[in-house]
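Try each task yourself before you peek at the solution.

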Amino acid sequence: MSTTTPPVTTTETPAHAKKKPKRQLTEIQKADRRLAFWLCAPAVLVMIAVTGYPLVYAVILSLQKNNLELPSETKFIGFANYAAVLSSSYWWEALWVTVVITVFSVAISLVLGMLLAEVLHRTVFFRGGVRTASLIPYGIVTVAAAYGWQYAWTPSQGYLSAAFNNSAPLTSHVQAIIVIIIAEVWKTTPFMGLLLLAGLSLVPEDLQKAAMVDGATGWQRFTRITLPLMKPAILVALLFRTLDSFRIFDNIFILTSGNNGTGSVSILGYDNLFNALNLGIGSAIAILIFICVAIIAVIFILGFGTAAPGSSTGRR
Amino acid sequence: MAVITTRQRSGWGVANFVVIALALIPVLWLVSLSFKTPTAVLDPSFWPSQWTWGNYSGILTSSQFLRPLLNSIGIGIIATVIAVVLASMAAYAIARLDFPGKAVLVGLALLIAMFPLIALVTPLFTIERALGLFNTWFGLIIPYVAFGLPLGIYTLSAFFREIPWELEKAAKMDGATPFQAFTKVIAPLAAPGMVTTAILVFLACWNDFILAISFTSTIASRTAPAAMEYFSGGSVFTVPTGPISAAAVVITIPIIIFVLFFQRRIVAGLTSGAVKG
């Protein structure tokens with residue numbers, strides 16, 4: 001602005017115009033920054049107090065022998081807790097169960113979520129009703145739904161057990177895991193579907209029509225047009241769901257309490273704290289779970305190029 | 001042409017029906033169980049042969065359920081209000097102000113949104129016992145606020161970016177005071193986003209189980225989802241299936257009300273943060 005001002009006019013005004021707006025801008029910027037600081041400080045403080053500090057504390061606890069039943073024996077023991085956890089078959093079994101449940105429930109809910117998104121997107125008739133119905137599994141308290149599933153699969157009590165020859169799937173390892181996956185998929189598919197619906201509505205209808213005119217089949221249109229355009233939305237939904245599923249706790253706690261080798265890593269950590277009262281081992285498990293989650297996030301964000309939601313604030 | 005559209009319409013009609021059935025059958029099963037008599041519970045037929053209100057009158061007169069229900073409502077509302085107020089402040093800064101560290105703040109919120117809760121249960125359990133917060137309302141409110149904040153910040157900053165802020169300036173030019181400009185112009189525009197966020201945060205608090213069973217030990221602060229488990233343990237109920245199902249239905253009612261009245265908002269809120277970024 002000041003550079004375009006002809007120097008001929010006066011000596012006073014340009015100097016004035018040059019200096020003052022600049023200083024004013026920095027004043028405004030400074031005020032903005034101060035305001036932003038005070039606006040964000042409370043939220044940041046609460047978030048750090050509840051997550052950052054305990055995380056550091058968990059690292060410290062994980063390096064100690066620390067059992068609530070033997071408080072006098074608390075001492076620093078280095079990585080012995082980690083060694084104990086990592087050499088225990090319980091940890092690897094729980095990790096395997098968690099990975100299996102995560103992979104299957106996320107994969108199935110992705111496919112079903114895609115179908116749900118298509119239904120919600122294409123249907124004209126009774127759209128609100130379908131959306132309302134599909135929001136109920138999303139909103140329902142996981143524990144409440146889990147009791148329903150548990151009773152449904154209890155022999156001589158549940159309609160699903162009765163439909164399957166009065167079987168008792170929750171008492172057998174593989175079948176119990178299948179029931180847990182069903183409960184997870186039922187609960188999480190609507191969320192997946194809604195995230196995918198938002199991505200689906202960004203796919204231009206013209207492209208679909210053009211491909212249809214060119215003779216592309218429905219499947220071709222889906223794989224060649226819809227999927228590539230939806231890739232960012234799919235990856236974000238997958239990232240959310242994978243991390244969420246890896247933390248699975250409520251469904252397992254109610255359905256099997258982790259019996260018959262169905263405990264996830266979260267169940268293992270909980271048991272170590274509240275049944276074994278072992279803070280040291282429990283914290284080591286907690287830190288290991290945190291590391292697993294971090295690895296999953298890094299794989300998604302760096303490996304698959306998932307746009308971390310919110311990281312692209314400048315895009316809009 | 002007409003044949004295809006009719007067939008298509010009926011195809012989507014079938015699809016709609018399947019979606020609604022799959023979504024609702026597990027819920028209807030809980031409703032049916034909650035109306036079964038203690039003996040009828042042991043009959044696997046989907047609907048009860050005899051209907052009874054006994055399970056509801058049982059839990060709604062027992063402090064073992066009423067007190068936790070009150071805790072759930074109180075803790076949920078307080079945590080939601082605090083989280084929405086703090087998140088609105090931060091989201092306003094993110095949407096409207098230019099400041100260094102914005103990316104760090106958004107990243108921090110994302111990190112916390114993805115945090116494995118169990119990793120915090122052990123240290124927070126120890127800290128809460130040391131601070132005397134264990135088994136109190138605030139022992140749950142504080143972590144609920146912390147985990148509601150990322151959700152709130154995302155949803156609200158997406159909403160706030162959509163608000164035409166020039167209107168504020170226009171109102172001031174027309175002679176409105178800054179306070180009037182805020183209450184008459186900006187607040188009504190921001191309200192829908194805040195209501196949506198409040199619903200999402202409240203649902204998250206209402207749904208929590210792992211923190212609720214970890215940081216409570218009596219019905220003084222135990223929330224409804226955590227209390228259901230204790231129905232079985234030598235309480236006044238003979239067969240817990242009916243009462244637990246009735247309790248499950250009671251805590252599902254607010255969700256159904258939210259979904260019926262605010263379904264558009266909930267969908268908008270869920271997807272705004274994730275897709276628009």
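Predicted model: local features only at pLDDT ≥ 70, side-chain atom pairs only at ≥ 80, totals over all residues.

**Exercise 1: a helix pair in chain B**

Work out how helix α6 (residues 137-162) of chain B and helix α8 (residues 178-207) of chain B are oriented to each other.

Solution. 
- Step 1: look up the geometry. The two axes come within 9 Å and cross at roughly 155 degrees.
- Step 2: compare with the cut-off. Angles over 145 degrees count as roughly antiparallel, so α6(B) and α8(B) are roughly antiparallel to each other.
- Step 3: The crossing in which α6(B) passes α8(B) is right-handed.
- Step 4: see who touches whom. The α6(B) side includes B:Tyr144, B:Phe147 and B:Gly148, and among the α8(B) residues they meet are B:Ala190, B:Gly193 and B:Met194.
- Step 5: sort the contact residues by class. You get 12 nonpolar, six polar and no charged.

**Exercise 2: a helix pair in chain A**

Solution. 
- Step 1: α4(A) passes α7(A) in a left-handed crossing.
- Step 2: from α4(A), the contact uses A:Ser134, A:Leu135, A:Pro137 and A:Tyr138, while α7(A) brings A:Trp186, A:Lys187, A:Pro190, A:Phe191 and A:Gly193.
- Step 3: that makes six nonpolar, two polar and one charged.

**Exercise 3: a helix that falls short**

What is the distance between the end C-alpha atoms of helix α9 (residues 218-246) of chain A, and what would a straight helix reach?

Solution. 
- Step 1: count 29 residues; at 1.5 Å a residue, a straight helix would reach 42 Å.
- Step 2: compare that with the model, where the ends of α9(A) are only 34 Å apart.
- Step 3: look along α9(A) for a bend. There's a kink of about 60 degrees at A:Lys231, shortly before the proline A:Pro232.

**Exercise 4: where the chains meet**

Solution. 
- Step 1: start with the totals. In chain B, 84 residues are in contact with 87 residues of chain A.
- Step 2: Elements giving two or more residues include α1 (2-34), α3 (63-96) and α11 (241-276) of chain B.
- Step 3: check the classes. This side of chain B has 67 nonpolar, 13 polar and four charged residues.

Definitions and conventions
Residues numbered from 1 in each chain as written. Chains lettered and ligands numbered in written order. Axes fitted to C-alpha atoms, helices over the stretch in contact; angles between N-to-C directions. Helix = DSSP H or I, 4+ residues; strand = E, 2+ residues; numbered from the N terminus. Parallel < 35°, antiparallel > 145°, perpendicular 65-115°, else oblique. Left-handed = near helix turned anticlockwise from the far one by under 90°. Contact = placed C-beta atoms within 7 Å. Nonpolar A, V, L, I, M, F, W, Y, C, P; charged D, E, K, R; others polar. Expected span 1.5 Å × (residues − 1). Bend = angle between axes of the 7 residues up to and from the residue.
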